[in-house]
Structures are given as C-alpha cells and as structure tokens.
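Please look over the sequence and the structure below before reading on. The briefing that follows takes up selected features by topic.

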Amino acid sequence: MKIQTLTAILVIAGSTLLNAQTQPTVQEWNFELVKDVMSPAYWKIWNKDVQDKIDKDIEKNRKANASLNIAGLAPDGQVQIEQLTHDFIFGANIFNFNQLGTHERNRRYRDAFGTLFNSASVPFYWKKFEMEPNRPRFREEYWDTEEFWNTVADPKSQPHWRRPSTDAIVEYGESRGIRLHGHTLTWGHSRWQHPEWLVEKFAPQAEKERLSKYTREDLKKLTNKQVAEIAPEYSKLLKGIYEKHIEEIASHYGGRLSSWDVVNESSQDYFGNAVSGDPVTNSTYGVLMPGDYTFHSFKKAEQVFPKDVKLNINDWKLNQNYVDQINALIARGARIDIIGLQNHMFDPQRGEEIAAGKEFETPKMVRAKIGLFEKLNRPIHISEVTITAPSDDTRGRAIQAMVAYNLYRLWFSLDKMMGITWWNLVDDCGAPGEPTSSGIFTRNMTPKTAYYALNDLINNQWKTNLTVKTDGSKPVSFRGFKGKYRVTWKDKSGASQEAIFELKKDGDGF
C-alpha cells in the first residue's frame with residue numbers, strides 16, 4: 001500500500017474485536033494526522049522509493065499463487081474467497097491474562113488474541129513459576145482467577161503480577177486456535193529468572209564467596225572446564241536442576257506449545273574460543289551458570305520435546321557476537337529452529353527523535369541489522385517489540401503509531417522474517433522500569449492509535465478477500481497472502497458448498 005492511500009480511514013467494517021463504543025473515529029489514524037506529527041526529514045528517510053520497495057517485497061515474500069478446481073457451479077458462477085488466518089505470526093505477550101481489574105478490561109484483553117494477534121507468548125519465568133521448590137505453578141489457583149485480581153487494590157504489589165497460571169493461558173489459547181510460545185526455559189538473570197531457593201539452598205556459602213571473587217573479565221579468560229572447577233559441586237548441582245526444570249515442563253505440555261525460547265539473552269555470556277579452542281558460555285550477570293549452559297539447554301530441550309516443537313534462541317544484543325554464538329551452537333550440534341531478535345525502544349524521547357528525522361531504525365539500518373542473521377538460514381522472529389509513545393497525548397500516540405506502522409511494514413516485507421511479537425499490550429503493565437506509554441491499549445483497555453494502525457495492516461491490507469466469477473471450465477487462480485482460506489460457492493442445484501485450504505506456496509489449492 002502506498003503512503004498516499006493512508007487518507008482512507010483505516011478501519012475494518014464490522015470488526016468483532018471491540019464494541020461500538022470503542023470503534024475509531026476519523027481522528028484515530030489517517031495520513032493528515034501522520035503528516036502533522038512526522039517531520040519532512042522523517043519522510044525523506046521513509047520516502048516513496050523506500051515504500052515502493054517494501055510493497056514489492058511484501059508482494060514477493062508474503063504472497064503465493066493459488067489454483068482452485070471447482071466443478072458444477074451455479075449459473076452465476078460466483079466464488080467467495082475469504083482468508084481466515086495468517087501464515088505469518090502476529091503475536092504479543094499475554095502476561096496480564098485476567099489481571100486488569102474488571103471483567104470488561106479482561107474480556108477486551110483476551111479478545112485481542114484471535115482477532116488482532118494469532119500468537120501469544122506465555123510467561124515461564126522460573127522465579128515466579130516455581131516460587132517453592134517442586135511446586136511449579138501450572139494449575140490455576142484462586143489467586144490466578146479474575147475474581148481475585150478484580151479485588152486487588154495494588155496489583156503490582158502481588159508477587160505473581162504478570163505471571164499468571166500457565167495452564168489457564170494454554171487452555172484459553174487452545175480454545176481460540178492461538179499459536180502458543182513459551183518464554184523462557186533457561187536464562188542467566190537472577191533478578192527475573194532464578195528462584196530465591198535456588199541460590200540459597202544449592203549454593204554453599206563457601207562456594208558463593210569463591211564465586212564472588214571472579215569478575216566478568218576473569219571469567220572470559222576461563223574454559224568451561226575451569227569454570228566448573230571453581231565450584232564443582234555447585235556447577236554439577238545447578239546443571240541437574242536446570243535440566244530437571246526443562247524436563248518437567250516438557251513432560252507437562254508435550255507439544256501443546258508450538259515453540260519455546262530455550263535460552264534467553266545469553267550472547268553476552270558467549271566469549272568465543274577464549275582459551276584453547278573451548279567455546280565459553282558462562283553467566284556473568286547473575287548466579288554463575290553451569291559451564292556451557294546454553295548448549296546443554298538446547299540439547300536437553302531437543303531430547304524431551306516432540307520433534308515438531310520449534311526451539312528458539314532469543315536476544316537483544318543484535319551484533320556479530322550473537323551471530324557467532326548461534327553459528328558455534330549449530331556447529332556443535334545444537335538444534336536451533338528460529339532466531340529471536342528483540343527490538344525494545346524503551347526511551348520515550350526516541351520517538352520524538354525519530355519523528356524529527358534522526359537516523360534511528362531507518363530502513364537501511366534495519367536491513368543491515370537483520371542481514372547479519374539472514375545468512376544463518378533460519379527463520380527470524382522479531383520476538384519482543386516495544387515502541388514507546390513520546391507523550392501520552394494525541395500527538396505522542398500518533399508518533400508511536402507511525403513508527404510502528406512503518407517498521408511492521410518493513411519487517412513483514414523481509415524474506416526470512418516469520419513473525420513479529422509486540423511485548424506489552426497495555427500501558428503501565430510492563431516490568432518495573434519499563435515505560436508506561438508503550439502499549440497499544442490504555443490501562444483501561446481503550447485502543448490507542450497504534451492499535452488501529454496495526455489492525456489496518458493485519459486485518460485489512462494484509463488479508464485477501466475476493467469474489468470471482470467463473471464458468472468452471474478452468475481453475476480459479478488468484479494471488480493472496482499466505483494463510484488459511486475458506487472458499488464458498490453454490491452448485492447447480494443451488495446448494496451451498498465450502499472448502500478450506502492452506503496457501504503456503506505457489507500452486508496450493510484444491
């Protein structure tokens with residue numbers, strides 16, 4: 001879609017996501033509003049040539065040619081073609097499931113999955129998932145219920161805020177046909193991942209004292225074997241505990257979740273062949289992890305999950321070191337199916353700078369950054385997206401929407417890209433320290449301008465819906481966005497007929 005066409009109101013008639021009171025008005029999302037808030041310098045960067053290339057690449061990479069053989073058509077020969085789902089992943093984390101304080105807010109939050117988003121990232125942060133040893137929080141208890149959260153005056157004070165029962169989310173996702181992604185199995189970060197009991201019970205005081213003497217620079221000079229020798233009992237115990245944790249989750253869910261972040265944010269612990277050709281991966285920003293924890297986590301996950309479950313690696317340091325780490329893991333036999341790349345714009349001022357035309361996340365920069373990982377020949381997922389509104393007013397929300405709109409278009413156009421996942425859907429519901437205005441809904445679950453921009457892309461511009469006429473003498477051919485389709489027509493007797501098919505590559509159909 002060309003920039004000029006943004007003058008149209010970007011709304012899908014009859015949307016089932018929101019009730020009439022929350023439908024957009026003419027001011028919500030249109031080109032005049034965008035033009036007012038984005039500078040000429042911004043539009044010089046995101047110019048017509050850039051937009052034309054994005055359109056061309058979307059046509060090439062996200063569509064395929066379908067062929068439908070339909071015999072015995074009614075005399076009018078009308079065939080209705082309706083796209084039901086996307087092959088491409090449009091996701092969000094679902095960390096605030098039933099936690100927003102009222103039934104109506106929770107309903108709108110849940111409804112976003114299945115109408116706007118086809119994928120949900122489920123929180124498995126170990127610290128709150130297993131607050132007591134051997135008591136993982138799979139099952140929903142009273143303090144996970146909507147009734148509980150609707151009576152809590154200060155939800156952020158609760159230890160399981162943003163950490164709901166995983167069973168409840170999985171069951172809801174399955175009921176709505178939502179793709180489910182687990183985040184995360186292994187992470188070296190003590191603040192967010194390691195349960196308190198893990199350190200207190202399994203790290204003897206003498207070994208903790210010894211470990212505290214080693215700086216990051218010290219660890220970079222050691223091999224995995226040498227790290228294990230610093231605290232051999234601790235290293236062995238912790239490896240066993242981590243592997244038990246992965247096994248327990250895999251045993252409980254099997255293949256119910258489509259994919260998992262096996263290891264999160266570990267590239268800063270990868271020091272390459274620091275000593276004697278031994279690839280060192282040891283955590284330096286939390287509890288000292290067992291030597292080579294990234295590799296062993298992937299091997300354990302491969303062993304215990306079904307083969308069709310995708311194993312992801314995920315990081316925010318999108319640099320050559322991350323590329324080198326992935327290459328080293330693959331070379332050693334780790335199965336990495338999907339590469340996760342985070343993109344968090346936490347600083348509200350960043351939106352103002354982008355709107356003013358500062359060169360940040362420009363098309364050239366994005367293509368270069370993603371290009372580092374395309375050569376790994378794995379699907380790429382923009383796994384965590386934060387785009388913060390520079391201010392919580394009409395102008396700030398419009399800037400957030402325009403930045404999101406153009407970045408989504410660019411990411412969607414790239415050949416190796418397989419999905420994009422927005423991180424915090426609701427304002428003021430992020431982790432401590434994260435911005436309060438980075439959601440696409442207000443805290444009261446009112447859609448913001450960015451919601452309407454994404455809704456237009458996902459449910460309007462990037463869906464194929466057609467009515468064609470044919471006499472049935474030759475196949476019905478069309479080019480459409482990849483995904484699941486429903487085709488309906490009437491036969492010569494006047495009876496309604498229907499067929500469902502998946503369009504993934506040229507020639508698919510029936």
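**Helix α13**

In helix α13, the residues Tyr293, Thr294, Phe295, Ser297, Phe298, Lys300 and Ala301 are buried, where buried means under 20% relative accessible area, exposed over 50% and partly exposed in between, with a 1.4 Å probe and protein chains only. This is a predicted model, in which local features need pLDDT of at least 70 and side-chain atom pairs count only at pLDDT 80 or more, while totals for chains, interfaces and linings use all residues. Residues are numbered from 1 along each chain as its sequence is written, and side-chain values use heavy atoms, with hydrogens and water left out.

**The protein as a whole**

- The protein has 18 helices and 17 strands, which are DSSP runs numbered from the N terminus, with H or I and at least four residues for helices, and E and at least two for strands.
- Of the 510 residues of the protein, 56% count as buried.
- Among contacts between residues at least 6 apart in sequence, 76% join residues at least 24 apart, a contact being heavy atoms within 4.5 Å.

- Helix α13 covers residues 293-304, and its 12 residues should span 16 Å at 1.5 Å a residue, which agrees with the 16 Å between its end C-alpha atoms; the expected span is 1.5 Å times one less than the number of residues.
- Helix α12 covers residues 232-253, and its 22 residues should span 32 Å at 1.5 Å a residue, in agreement with end C-alpha atoms that are 32 Å apart.
- The buried residues of α12 include Tyr234, Leu238, Ile241, Tyr242, Glu243, His245 and Tyr253, and just after this helix Gly254 takes a positive phi of about 55°.

**The packing of α17 and α18**

- Helix α17 (residues 394-413) and α18 pack at an angle of about 30° with their axes 7 Å apart, where axes are lines fitted to C-alpha atoms, for helices over the stretch in contact, and angles run from 0 to 180 degrees between N-to-C directions.
- That angle makes α17 roughly parallel to α18, since angles under 35 degrees count as roughly parallel, over 145 as roughly antiparallel, 65 to 115 as roughly perpendicular and the rest as oblique.
- Among the residues that meet are Arg397, Ala401, Tyr405 and Arg409 in α17, and Thr449, Ala453, Leu457 and Gln461 in α18.
- The residues of this contact divide into nine nonpolar, three polar and three charged, where Ala, Val, Leu, Ile, Met, Phe, Trp, Tyr, Cys and Pro count as nonpolar, Asp, Glu, Lys and Arg as charged, and the others, Gly among them, as polar.

**Backbone details**

- The peptide bond from His183 to Thr184 is cis, with omega near 5°, and Thr184 lies in strand β5, which covers residues 179-187.
- Asn98, in the loop between β3 (89-93) and α4 (103-115), has a positive phi near 65° although it is a residue other than glycine, and Asn98 is buried with a relative accessible area of 9%.
- Met445, in the loop between β12 (417-422) and α18 (449-461), is not a glycine but has a positive phi of about 65°, and it counts as buried at 0% relative accessibility.

**The surroundings of Arg137**

- Arg137 is found in the loop between α5 (126-129) and α6 (146-149), and it counts as buried at 4% relative accessibility.
- Not counting residues up to four places away in sequence, Arg137 touches several residues, including Lys128, Trp143, Asp144, His160 and Arg163.
- Arg137 and Arg163 are 26 residues apart in sequence and, from C-alpha to C-alpha, 9.5 Å apart in space.
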